[in-house]
Amino acid sequence: MGRREEFLELLGGGEYGEKLYRHYELLCKWNEKMNLTTVVSMGEAVRRHYRESLFLAERVGEGPCRLVDLGSGAGFPGIPVAVARPDIEVTLVESNQKKAAFLKEATRGMDNVRVWVGRAEELREEFDWVTLRAVRWEESFGRLGERFVLLVSDKDAESIRGSRGVVWGEEVRLPESEHGILLFGKAVPRGT
């Protein structure tokens with residue numbers, strides 16, 4: 001079995017498997033020159049990066065919306081979300097110029113994705129959904145959207161729950177993860 005077939009089998013199929021495999025190949029190539037991720041073994045990358053991101057994509061409401069992925073880095077969860085959900089306009093936010101260059105290359109030809117180079121605090125837009133992974137939650141992120149879904153550990157969720165501006169609610173355990181969860185939140189209406 002070749003690498004491509006192994007990747008697709010580990011991913012569990014899906015019509016978007018080919019696009020995600022191309023992203024994985026590009027990620028491995030770029031990761032040789034710069035640190036995009038420490039997880040590059042195929043099995044672990046598929047489980048932790050791709051399947052967890054696709055799990056999130058399934059839980060971001062139905063229908064068209066705008067989603068921002070803060071500190072996108074190697075493109076997780078934003079790129080798999082954009083591939084699996086072409087009805088979602090995804091903005092990948094990355095302040096590191098080299099990582100942003102990777103994201104631009106990785107999303108070439110994806111009409112529902114844009115890369116915004118800069119810090120999240122500088123972004124002056126609002127989105128339907130705000131997501132992040134491996135980025136420390138800042139209360140200022142609450143102004144960016146209405147709904148939030150964070151890929152975090154259950155330990156990190158405890159500290160996030162105390163932040164102002166967002167009412168944190170449902171936790172959904174990530175499949176195949178001992179401590180990883182999706183933490184959902186909703187913005188507190190301004191003026192309350």
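A: One may begin with the surface: the chain exposes about 9,800 Å², and carbon and sulfur atoms supply 48% of this area. Accessible areas come from the Shrake-Rupley method with a 1.4 Å probe, and for residues only the protein chains shown count as cover. This is a predicted model, in which local features need pLDDT of at least 70 and side-chain atom pairs count only at pLDDT 80 or more, while totals for chains, interfaces and linings use all residues. Residues are numbered from 1 along each chain as its sequence is written, and side-chain values use heavy atoms, with hydrogens and water left out.

Q: How many helices and strands are in the chain?

A: Helices (H or I, at least four residues) and strands (E, at least two) are DSSP runs, numbered from the N terminus. The chain holds six helices and seven strands. Their order from the N terminus is α-α-α-β-α-β-α-β-β-β-α-β-β. The radius of gyration is 16 Å, close to the 16 Å that the globule rule gives for 192 residues, so the chain is as compact as a globular protein of that length. This radius is taken over C-alpha atoms, and the globule rule is 2.2 Å times the number of residues to the power 0.38.

Q: What percentage of the residues in the chain is buried?

A: Buried means under 20% relative accessible area, exposed over 50%, and partly exposed in between (1.4 Å probe, protein chains only). Of the 192 residues in the chain, 49% are buried.

Q: Which residues of the largest nonpolar core touch the most other members?

A: A nonpolar core is a set of buried Ala, Val, Leu, Ile, Met, Phe, Trp, Tyr and Cys residues joined through side-chain atoms within 4.5 Å. The largest one has 46 residues, and those touching the most other members are Phe-7, Leu-20, Tyr-24, Tyr-50, Val-60, Val-90 and Leu-182. Helix H3 (residues 42-58) gives this core its largest share, eight residues. Another core, of 21 residues, lies apart from it and includes Val-93, Phe-127, Phe-141 and Ile-181.

Q: Where does Trp-30 lie, and with which residues is it in contact?

A: Contact means heavy atoms within 4.5 Å. Trp-30 belongs to helix H2 (residues 17-31) and is partly exposed, with a relative accessible area of 23%. Leaving aside neighbours within four places in sequence, Trp-30 is in contact with Leu-36, Lys-98, Ala-101, Phe-102 and Glu-105.
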